[in-house]
Amino acid sequence: NFSRVTEFILLGLSDTRELQVLFFTFFFLAYAMVLLGNLLIIVTVRTDPRLSSPMYFLLCNLSFIDICCTSVTSPRMLVDLISQRKAIAFEDCIAQLFFLHFVGASEMFLLTVMAYDRYTAICKPLHYTAIMSRQVCCLLVSACWAGGFLHSIVQMLLTVQLPFCGPNTIDNYFCDVPPVIRLACTDIYVTEWLMVSNSGLISLVCFLVLVTSYTFILVTVRVHFTEGHWKALSTCASHVMVVTLFFVPCIFIYLRPFSTLPSDKHICVISTVFSPVMNPLIYTLRNNEVKASMWKL
């Protein structure tokens, strides 16, 4: 009710026409890889009864979240790259912000659950089937989505209560909390620290939990030099790669004051584009069971 801005102008990654064509080609191919790769993983896991373990159930959910996450930003970015005027309505901007944080936080929590699954499988193998039952997995995934929704609704409510009276130019290719609240016509000191404590601390805590779980796994593998444990360590190494690509940019973006530093739109590309592209490549090319099932499919 206090907002006089009806739309925002997205500056995108570049204002050079040649670079825009190059970016469009690259991001279109990346988006197609994300959709096809993750859909193939979902179909493979759902149709092969041999891939019914908790790890593949969580992997299937991660693929679905990756599709949702990249679909929040990529289609709009591709349209803007070939458009002359890159405007987005205020309501659409808030909706994009909400869904981005909804699926983004859900993915953070799910990656943490996947690390716990690997920790249980390697460090407590005799109790694994009892601890990670199908019911427990469903509850954990539901908790991830619920946590993502709670996080996102807080971010959205903190944003919409701000007055926006101009300017309306966002130095990014999508609507996110830092560039949007910089445009508010009021002091945002309290708001930005509330958001830092929300987004930044969630990213940092999840990352520390992941590092701790992989540390326990590494210690266990050093004690038991078996082929199965080394295979599990190889799997965890690929997980660490995904975690690093996803969490480090998020921590850098959200665990600091928003109004004092310049735009970080090029860093956002890592978490919104590269991380979803890497997930299907890592989880399929490094997993013989999934590759065999895909060839059979």
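Buried means under 20% relative accessible area. The model used in these exercises is predicted.

**Exercise 1.** Find which residues of α5 are buried, and how many residues α5 has.

*Solution.* Start with the extent of the helix: α5 has 27 residues and reaches 39 Å from its first C-alpha to its last. That is close to the 39 Å expected at 1.5 Å a residue. Next, apply the cut-off along α5: the buried residues are Cys137, Val141, Cys144, Gly147, Gly148, His151, Ser152, Gln155, Met156, Leu158 and Thr159.

**Exercise 2.** Identify the residues that touch the most other members of the largest nonpolar core, and the element that gives the most to this core.

*Solution.* The core holds 62 residues, and Phe27, Leu111 and Phe247 touch the most other members. Elements that give two or more residues to this core include α1, α2, α3 and α5. Of the contributing elements, α2 gives the most, with 14 residues. Now take Leu111: leaving aside neighbours within four places in sequence, Leu111 is in contact with Leu62, Leu210, Val242, Phe246, Phe247 and Tyr283.

**Exercise 3.** Locate the partners of the salt bridge between Arg85 and Glu7, and state whether each is buried, partly exposed or exposed.

*Solution.* The closest N and O atoms of Arg85 and Glu7 are 2.4 Å apart. Arg85 lies in the loop between α2 and β2, and Glu7 in strand β1, so the pair ties together parts that are 78 residues apart in sequence. Arg85 is exposed, with a relative accessible area of 54%; Glu7 is partly exposed, at 24%.

Note on methods. Residues numbered from 1 in each chain as written. Predicted model: local features only at pLDDT ≥ 70, side-chain atom pairs only at ≥ 80, totals over all residues. Heavy atoms only, no water. Core = buried A, V, L, I, M, F, W, Y, C linked by side-chain atoms within 4.5 Å. Buried < 20%, exposed > 50% of the residue type's maximum accessible area, 1.4 Å probe, protein only. Helix = DSSP H or I, 4+ residues; strand = E, 2+ residues; numbered from the N terminus. Contact = heavy atoms within 4.5 Å. Expected span 1.5 Å × (residues − 1). Salt bridge = Lys/Arg side-chain N within 4 Å of Asp/Glu carboxyl O.
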